[in-house]
Amino acid sequence: MFKLSKKNVVRTAVVAAVGMALALFALPANASTSFYLEMDKGQTLTSGSFVWVYPTDDDGTDEVKFIMLSNGNLEENMYSTSGAFMYYCWAANTSGAGNYATYQKSNGALIVFNEVGTPLWSSGATGGSTVSLNSSDGALFVGTKRITSSCVTY
């Protein structure tokens, strides 16, 4: 039997609204956008762009963001739904204004480049076709390769 809860209704409404917005305002694969539900090959994260998820292992009121910060570091962090930073989960340990991360079409590697195109960090080649956060615990996957463990603390 399906149990309807307020948390599931709210989460479903948010996902539906984001999906409709993405469908209405579809952008080319290489366009800069504020956020993604996942990254496809060829997409790039620039300063402030992120991949996000509301992890179901959490109470549904927080969100995990895989984000390119303005300082050039690529990080995975937990935020409250009001946008307040809560805690750090993982980082590529890159820095420098102008850095960006691109999910490579050729080999499926996620690579952080500096502003002149020099690689600073790489996930290595992976199978699969998206960069995403696990919907239950916020773990980061590049293709089929798990990069981080759970970002949810219990």
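**Leu 74 and its surroundings**

Modeller: Let's start with Leu 74, which is in contact (heavy atoms within 4.5 Å) with Leu 45, Phe 66, Ile 67, Met 68, Trp 90, Ala 91, Ala 92, Thr 94, Ala 101, Leu 110, Val 112 and Trp 121, leaving aside residues up to four places away in sequence. Keep in mind that this is a predicted model, where local features need pLDDT of at least 70 and side-chain atom pairs count only at pLDDT 80 or more, while totals for chains, interfaces and linings use all residues. Residues are numbered from 1 along each chain as its sequence is written, and side-chain values use heavy atoms, with hydrogens and water left out.

Leu 74 also belongs to the largest nonpolar core, a set of 23 residues. Such a core is made of buried Ala, Val, Leu, Ile, Met, Phe, Trp, Tyr and Cys residues joined through side-chain atoms within 4.5 Å; buried means under 20% relative accessible area, exposed over 50%, and partly exposed in between, with a 1.4 Å probe and protein chains only. Met 39, Leu 45, Phe 66, Leu 74, Leu 110 and Val 131 have the most contacts inside the core. Strands here are DSSP runs of E, at least two residues long, numbered from the N terminus. Among those supplying at least two core residues each are strand 6 (74–80), strand 8 and strand 9, but strand 5 gives the most, with 3. A second, separate core of 5 residues includes Phe 50, Tyr 54, Ile 67 and Tyr 79. In soluble globular proteins, nonpolar side chains tend to be buried together.

Strand 4 (residues 50–53) and strand 5 (residues 62–68) run antiparallel over 4 bridges, and Ile 67 is the bridge partner of Phe 50. From strand 4, Phe 50 and Trp 52 point one way, Val 51 and Val 53 the other, and all are buried.

Several of Leu 74's other contacts, including Leu 45, Val 112 and Trp 121, bring in an open sheet of 4 strands, ordered 3-8-9-10 with antiparallel pairing. Strand 3 (44–45) and strand 10 (119–122) are its edges, each pairing on one side only.

Conventions. Two strands pair if DSSP finds at least two bridges between them.
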